[in-house]
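Keep the structure open beside the text and follow along.

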Amino acid sequence: MNTHVADITTEADGSTESAEVIVVGAGGAGLTLAAELALAGVRAVVLDRLPGRNLQSRAGAIQPRTAELLDLRGLLDGAMERSIDYRLLGGHFAGLPVPLDYAAWDTRYPYPVLLPQDQLEAVLEDRLTVLGGHVLREHRLTDLRQDADGVTVTAVGPAGPRSYRGRYLVACDGAHSSVRKLVGAAFPGQSGTVRSATADLVLTGYADQSTTGHISTRIRTSPEGHFAMLTPLANGLHKLIFSGPRTAFAERDAPVTVEEVREVLRATQDTELDVAEIRYASRFSDASRQLEHYRHGRVLFAGDAAHIHSPAGGQGLNLGVQDAFNLGWKLAGVLRNGTDEQVLDTYHAERHPVAARVLTLTRAQGVIIGPARDGGLAELRDVLTDLLRLPEANRHMAGAMSGLDLHHPAPDAAAHPLLGLRMPDLDLHVDGGTVRYAELARTGRGVLLDLTGAPLTAADPWNGRITRVRAQAEAGAIDADAVLVRPDGHICWAGGAGLTETLTRWFGPAEAGPRGGPRRAAAAVGGPGPEAYRA
């Protein structure tokens, strides 16, 4: 596998620079997608309008399913090194004082990881650089045209206008997406009614530095309608997410002022806190919108370019990163393996319902967590709190908020209870020792895991595209003789009929002639790959 790729080439006349994929936007979704493409040897150019990474903390947590996906690529350790040493006691729904028990979903990461968005983006951009890619900063998109063979865009950069040509374009350019406007994609939903703000602050006076507990203990409100959630960041900073009478109807681009923050702190905090400095700040609303279609010909959308919602519950960054993990390997398969282009339609089919559910959950939380507008809200909170104490209700909401309950259709495979579910990160016994499943996925390939020694010769023509592993799992760990797992960690075949059809659907047509025996899996950047696990 070629993991170091030149991202763009220049046409002979110097007028247009070409890549296989144009990625617009270098936030969490765009960087994840670009890194996934680079891992598969696909040439991508990343265009971003900002002069550098946004250093505001912004989104503050990665959920368990996102942690699992980062672990599949060997990125989680680096992310954890940058995380805030805050031991969250489970997840939360609308800040209600009942921890959501993520451990009920059999994960190695049963808690949200407090990782500011700027730190995750640093990890992702470092990975992209190692794989030979980079971001073209201060490039603002001004024109987009697509035809039967590709997409051409114009971007104005430091050296002036420049054209870029790719076979596909993926818009990851945020809530106010230029690509969405240029394509004319419908973005229905609800306009924002109330504004809130987030700020990274230097504070004076005593501020709680504790790093344990449930997020509900961080939330403060006032009778006047103020809301504040204050958490410690690194290097002496604190992050304040807040709203109140002064903030609710502020203009979107109006600067967040010291007086505004001071008012919220005085109304909601028990100690004498004051603001020494606002390091970074931004405003957001409770607007809730989603594209009707994630694919418009050769243009696809991911992250906030495809869906926007309030940050209640810490879903937005996770949703975008998971979009990119779903799309990246499919796009690479079309470009590298001859996978039928219709596989790109499964991106919309799988991810659109996920975002629609998140929009529903965030709207509901906005009502529950917000200031009382009429009688009955306090009673509603009490009722929901009691419901979340029931194990089945808690497990259901934990699965929804963490992303651990997601499953995808597997139309070509014989029916099996495991189909579409995430592959558990099992400890597997192989020749030479024990390996976690996540370590087998570091190359970004699909994994065919043989747990009984069956020959599985039907898979031989795909040996150049998948990792084949013969292993043993602990008794009862997984109820299947063999499983085929997609690069995004979802099981798409679990024994029985349909292996050839499933391989063809997800990994392209069979290569001409068997490729001999099992293939040694290449090690991926950032973590060890499987060595000589024989299938």
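The sections below move from the core and its helices to the sheets, and then to a few single residues.

## About the model

This is a predicted model, in which local features need pLDDT of at least 70 and side-chain atom pairs count only at pLDDT 80 or more, while totals for chains, interfaces and linings use all residues. Residues are numbered from 1 along each chain as its sequence is written, and side-chain values use heavy atoms, with hydrogens and water left out.

Let's begin inside. The largest nonpolar core holds 115 residues, and Leu169 and Val483 have the most contacts within it. Such a core is a set of buried Ala, Val, Leu, Ile, Met, Phe, Trp, Tyr and Cys residues joined through side-chain atoms within 4.5 Å. Buried means under 20% relative accessible area, exposed means over 50%, and partly exposed lies in between (1.4 Å probe, protein chains only). Setting aside neighbours within four places in sequence, the residues in contact with Val483 include Leu418, Met423, Ile478 and Trp493; contact means heavy atoms within 4.5 Å.

Which helix gives the most to this core? Helix 7 (residues 316-336) does, with 11 residues. Helices (H or I, at least four residues) and strands (E, at least two) are DSSP runs, numbered from the N terminus. Helix 7 is mostly covered, with 19 of its 21 residues buried. From first C-alpha to last, helix 7 reaches 30 Å, close to the 30 Å expected at 1.5 Å a residue; the expected span is 1.5 Å times one less than the number of residues. Just after helix 7, Gly338 takes a positive phi of about 75 degrees.

## Helix 1, an enclosed helix

Helix 1 (residues 28-39) has 12 residues and reaches 16 Å from its first C-alpha to its last, close to the expected 16 Å. Since 12 of the 12 residues are buried, helix 1 is largely enclosed by the rest of the structure. Among the buried residues of helix 1 are Gly28, Leu31, Glu36 and Leu39.

What do the buried residues of helix 1 pack against? Their partners are strand 3 (21-24), strand 4 (44-47), helix 4 (117-130), strand 8 (135-136), strand 12 (168-171) and helix 7. Just after helix 1, Gly41 takes a positive phi of about 80 degrees.

## Sheets and a hairpin

Five strands form an open sheet in the order 16-17-18-14-19, with antiparallel pairing. Its edge strands are strand 16 (219-221) and strand 19 (274-285), each pairing on one side only. The twist averages 25 degrees from one strand to the next. Strand 14 (residues 195-204) pairs with strand 19 over 10 bridges, and Arg195 has Ser285 as its bridge partner in strand 19. Two strands pair if DSSP finds at least two bridges between them. Helix 6 (residues 258-268) lies across this sheet's strands 14, 16, 17, 18 and 19, running at about 95 degrees to strand 19. Axes are lines fitted to C-alpha atoms, for helices over the stretch in contact, and angles run from 0 to 180 degrees between N-to-C directions.

An open sheet of three strands has the order 13-20-23 and antiparallel pairing. Strand 13 (189-190) and strand 23 (307-308) are its edges. Two bridges join strand 20 (residues 288-290) to strand 23, where Gln290 stands opposite His307. Elsewhere, a hairpin joins strand 9 to strand 10 through four residues. Strand 9 (residues 140-146) and strand 10 (residues 151-157) run antiparallel and are joined by six bridges, with Leu144 opposite Val153.

## Helix 8 and Thr346

Helix 8 lies across strand 13, strand 20 and strand 23, at about 170 degrees to strand 20. Thr346 is found in helix 8 (residues 343-369). Is Thr346 buried or exposed? Thr346 is buried because its relative accessible area is 13%.

The side chain of Thr346 reaches the backbone oxygen of Val343 at 2.6 Å. Leaving aside neighbours within four places in sequence, Thr346 is in contact with Lys330 and Trp506.

## Two residues with positive phi

Most residues other than glycine have a negative phi. Arg58, not a glycine, has a positive phi of about 50 degrees. Arg58 lies in the loop between strand 4 and strand 5 (61-62) and is buried, at 19% relative accessible area.

Leu456 also has a positive phi of about 50 degrees without being a glycine. Leu456 sits in the loop between strand 26 (446-450) and strand 27 (466-470), and counts as buried at 14% relative accessibility.

Note on methods:
Polar contact = N/O pair within 3.5 Å; in protein donor to acceptor, adjacent residues only side chain to side chain.
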